[in-house]
Amino acid sequence: MRPDDANIAGNVHGGTVLKMIEEAGAIISTRHCNSGQGEPCVAALARVERTDFLSPMCIGEVANVSAEITYTSKHSVEVQVNVMSENILTGAKKVTNKATLWYVPLSLKNVNKVVEVPPIQYTHKEQEDEGRKRYEEQKLERLETKQRNGDVILPVINPDRQTKEPHTVGYSQSSLIHLVGPSDCTLLGFVHGGVTMKLMDEVAGIVAARHCKTNIVTASVDAINFHEKIKKGSVITISGRMTFTSNKSMEIEVFVDADPFVDEPQERYRAVSAFFTYVSLSKEGKPLPVPQLLTESEEEKRRFEEGKGRYLQTKAKRQAQMQQGSCADLVLQ
């Protein structure tokens with residue numbers, strides 16, 4: 001990891017890690033989808049499940065990214081990716097990320113055609129049944145997300161933050177406009193999922209930093225849904241706004257809207273959506289209290305309550321997992 005991969009405090013950007021994760025997933029899924037007798041294809045990212053940043057990665061450390069295919073349906077591939085950092089001076093290693101990604105294979109001859117995925121061999125039937133359950137759950141969640149996609153974050157043009165009250169949604173709201181070039185794209189001419197996620201993390205980080213005025217790091221990313229492909233030559237607008245704050249974390253909603261005005265002019269469309277969670281850190285890397293978000297409109301209050309529900313749900317799941325781990329330790333003893 002080099003200085004341009006990290007923030008001013010030396011912590012590697014969450015977006016940089018997400019990009020590495022996506023590259024590993026794309027390689028293994030594309031390789032698998034071309035292992036059969038079907039037509040040549042490239043795996044495109046469709047969804048990233050909730051990803052927790054378990055430990056920060058720093059400048060000078062070496063990142064080791066490993067990927068494994070854990071389930072295949074007729075037209076999709078589930079990939080589990082683990083990221084480990086290594087301090088090459090001391091030899092110390094630690095797991096920094098675990099992620100689950102879903103890919104669909106697109107034909108090289110016809111980018112709108114999804115080809116069939118060669119099945120994998122499972123060690124036992126329960127493994128296949130568990131994978132099928134995860135597949136059905138993510139399908140339902142994707143449909144629910146699409147229903148929310150009418151929401152819009154208006155870009156902030158030359159905002160005068162001195163006239164806005166600190167810690168409000170409008171004060172920290174941020175947007176980034178990016179022209180999609182060849183280096184951003186796959187062989188098919190569509191944006192790499194990792195490139196998009198890196199830009200989303202950058203915008204979410206700006207929102208968090210404006211709200212806290214401290215060093216901030218990515219703590220987790222809720223499910224990222226890729227609704228539509230983004231073509232080379234498109235102009236994309238990545239917009240972020242604060243939706244919820246707890247005592248030590250903040251949730252930022254991020255949208256990616258695309259304007260594909262080159263070659264095939266069409267109306268702007270929602271390409272990607274996700275929720276990012278950040279924490280505030282001191283110069284020593286210790287967690288700091290997060291200023292509470294001041295909601296002004298009824299819409300902001302509604303989004304705050306929805307964010308609170310997601311926060312409490314995640315907290316309950318984490319506590320249940322910890323209890324299960326404690327019970328397992330007692331059994332082993």
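## Salt bridges in the chain

By the distance rule applied to this predicted model, the count of salt bridges comes to 19. One of them joins the side chains of Arg 50 and Asp 222, with 3.9 Å from N to O. This pair links distant parts of the chain, for Arg 50 sits in the loop between strand 1 and strand 2, while Asp 222 sits in the loop between strand 7 (215-221) and strand 8 (224-226), and the two residues are 172 residues apart. Side chains of opposite charge can pair when their charged atoms come close.

How is the chain divided into domains? The domain assignment gives domain 1, which covers 3-142, and domain 2, which covers 169-326. Taken over C-alpha atoms, the centres of domain 1 and domain 2 are separated by 19 Å. The contact draws on 26 residues from domain 1 and 26 residues from domain 2.

The size of an interface is often given as the accessible area lost when the parts come together. Here domain 1 and domain 2 bury about 2,200 Å² between them, and 60% of this area lies on carbon and sulfur atoms. Within the area that domain 1 buries against domain 2, Leu 18, Arg 50 and Phe 53 supply 24%, which is more than any other three residues.

How many salt bridges cross the interface of domain 1 and domain 2? The rule finds 1 salt bridge there.

Which elements build the side of domain 1 that touches domain 2? Helix 1 (14-33), strand 1 (41-48), strand 2 (51-53) and strand 5 (93-107) each supply at least two residues of that side, and the largest share, 6 residues, comes from helix 1. Sorted by class, the side of domain 1 that touches domain 2 has 10 nonpolar, 9 polar and 7 charged residues.

## Positions listed in the record

In an unreviewed entry, UniProt lists Asn 7 and Asp 201 for "active site". These residues span 195 residues in sequence, yet no two of their C-alpha atoms are more than 12.1 Å apart, so they gather at one spot. Asn 7 itself lies in the segment before helix 1.

The unreviewed UniProt entry also lists residues 1-109 and 170-284 for "domain: HotDog ACOT-type". Over residues 1-109 the chain is 18% helix and 43% strand, and the C-alpha atoms at the ends of this stretch are 37 Å apart.

Key: Residues numbered from 1 in each chain as written. Predicted model: local features only at pLDDT ≥ 70, side-chain atom pairs only at ≥ 80, totals over all residues. Heavy atoms only, no water. Domains from an automatic or database assignment. Contact = heavy atoms within 4.5 Å. Buried area = accessible area lost by both parts, 1.4 Å probe. Salt bridge = Lys/Arg side-chain N within 4 Å of Asp/Glu carboxyl O. Helix = DSSP H or I, 4+ residues; strand = E, 2+ residues; numbered from the N terminus. Nonpolar A, V, L, I, M, F, W, Y, C, P; charged D, E, K, R; others polar. UniProt positions renumbered as here; feature names shortened; annotations may be inferred.
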